[in-house]
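Please keep the sequence and the model in view while reading.

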Amino acid sequence: MGVVDREFEKLEAAFQAKVEAEQRIEPKDWMPEKYRQTLIRQMSQHAHSEVVGMLPEGNWLTRAPSLKRKAILMAKIQDEGGHGLYLYSATETLGISRDQMFDQLHSGKAKYSSIFNYPTLNWADIGAIGWLVDGAAITNQIALCRCSYGPYARAMIRICKEESFHQRQGYEIMMTMAQGTEEQRDMAQDALNRWWWPTLMMFGPNDSNSAHSAQSMQWKIKRQSNDELRQKFVDATVPQAEFLNLRIPDDQLKWNEDRGHYDFGEIDWEEFRNVVKGNGLCNRERLQARVDAHEGGRWVREAALAHARKQEARKAAAAA
């Protein structure tokens with residue numbers, strides 16, 4: 001073993017010891033390249049998901065059933081844009097530019113959450129997204145507040161607080177519809193039927209098939225495995241559905257007294273893989289919308305940069 005190899009082993013051992021001691025890794029600290037790349041992949045995917053997640057809800061801004069609902073939904077969408085900004089900024093501390101992240105998204109190299117490739121067919125879907133999708137996000141993101149990478153963990157604290165309001169507004173929509181007319185109750189049940197299984201897919205593949213989960217847990221990027229998080233979400237959500245008098249669309253769902261958890265049916269992983277590959281109902285529509293928005297705003301970015309350059313030139317001239 002060469003001197004370089006021994007030095008690398010020492011650095012890696014010191015890094016892991018710091019992680020085990022629950023000390024945060026900061027941008028200027030030494031870190032393994034695989035750790036950095038894992039964070040870039042996960043954090044940029046998270047940022048992309050926040051921004052793409054604005055699209056299915058944005059379709060309903062002009063069709064919200066009241067001014068109150070419109071204002072709440074607009075605030076929620078603005079929050080998601082802010083979450084994307086926090087996360088892009090945090091990811092930039094790892095040495096990747098925002099333009100690079102956008103290029104990866106627009107080329108299809110970078111992924112975003114598969115859940116946003118499903119359509120919103122009626123107003124009840126907005127309730128289901130808030131209740132189920134944001135509820136699943138909170139389940140996953142609470143653990144990320146203790147992520148070993150400092151900028152990511154700190155960004156998640158505020159994001160989780162705001163996501164909790166999103167989840168509550170979604171549940172309130174579903175409660176209102178579940179207590180409404182027969183047609184409204186049917187719409188709420190239909191939305192639950194369509195969003196339940198895609199929401200369970202949000203946590204990723206089973207632990208035995210997850211390529212990154214074990215290493216991410218060793219580095220304390222993640223604190224709980226995909227299956228643990230999925231189980232936690234199911235256990236929390238089934239009683240909420242029962243309170244609404246809505247039925248979870250799973251004939252195998254039942255309480256297991258021995259385990260102290262709900263048993264539930266097998267996820268259609270073929271559907272999950274198909275959506276991730278880009279063949280979902282809205283994959284192409286979502287990606288094209290992001291590309292069009294990016295290109296449409298190019299002149300604004302160029303004008304802002306030109307203005308900034310003029311300001312710097314004026315300052316330099318004044319100083320001279």
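Is M43 buried or exposed, judged by its relative accessibility? At 0% relative accessibility, M43 counts as buried, where buried means under 20% relative accessible area, exposed means over 50%, and partly exposed lies in between, with a 1.4 Å probe and protein chains only. This is a predicted model, in which local features need pLDDT of at least 70 and side-chain atom pairs count only at pLDDT 80 or more, while totals for chains, interfaces and linings use all residues. Residues are numbered from 1 along each chain as its sequence is written, and side-chain values use heavy atoms, with hydrogens and water left out.

M43 belongs to helix α2; helices (H or I, at least four residues) and strands (E, at least two) are DSSP runs numbered from the N terminus. Leaving out residues up to four places away in sequence, M43 touches L87, A90, T91, L94, Y149 and Y152, a contact being defined as heavy atoms within 4.5 Å.

The relation of α2 to other helices can now be described. Two packed helices are described by the angle between their axes and the distance between the axes. The axes of α2 and α7 come within 13 Å and cross at roughly 25°; axes here are lines fitted to C-alpha atoms, for helices over the stretch in contact, and angles run from 0 to 180 degrees between N-to-C directions. That crossing angle makes α2 roughly parallel to α7, since angles under 35 degrees count as roughly parallel, over 145 as roughly antiparallel, 65 to 115 as roughly perpendicular and the rest as oblique. The contact is made by L39, Q42, M43, H46 and E50 on the α2 side and by Y152, M156, I159 and E163 on the α7 side. The crossing of α2 and α7 is left-handed, a term used if the near helix is turned anticlockwise from the far one by less than a right angle, with right-handed used if clockwise.

Helix α7 (residues 150–178) also packs with helix α4 (residues 67–92), at an angle of about 160° and with the axes 10 Å apart. The two helices, α4 and α7, are therefore roughly antiparallel to each other, and their crossing is left-handed.

Next comes E57, a residue of helix α3. With a relative accessible area of 1%, E57 is buried, and its contacts, apart from neighbours within four places in sequence, are L73, K76, I77, E80, I126 and I129. Among these, I126 lies 69 residues from E57 along the chain, although their C-alpha atoms are separated by 6.6 Å.

What span should helix α12 have, at 1.5 Å a residue? Its 14 residues (283–296) should span 20 Å, and the end C-alpha atoms are 20 Å apart, which agrees; the expected span is 1.5 Å times one less than the number of residues. Within α12, the residues N283, R286, R290 and H294 are buried. They cover an arc of only 85° around the axis, which puts them on the same side of α12, the arc being that of the directions from the helix axis to the C-beta atoms. An α-helix has 3.6 residues a turn, so residues three or four places apart point the same way. The buried residues of α12 pack against α2, α3 (54–58), α5 (98–107), α11 (269–279) and α13 (298–319).

The loops remain to be considered. Most residues other than glycine have a negative phi, and most peptide bonds are trans. E22, in the loop between α1 (3–20) and α2, has a positive phi of about 60° although it is not a glycine, and at 45% relative accessibility E22 counts as partly exposed. N245, in the loop between α10 (226–243) and β1 (254–256), likewise has a positive phi of about 60° without being a glycine, while its relative accessibility of 69% makes N245 count as exposed. D268 is found in the loop between β2 (261–263) and α11 and, at 42% relative accessibility, counts as partly exposed. D268 and Q288 are 20 residues apart in sequence and 27 Å apart in space, C-alpha to C-alpha.
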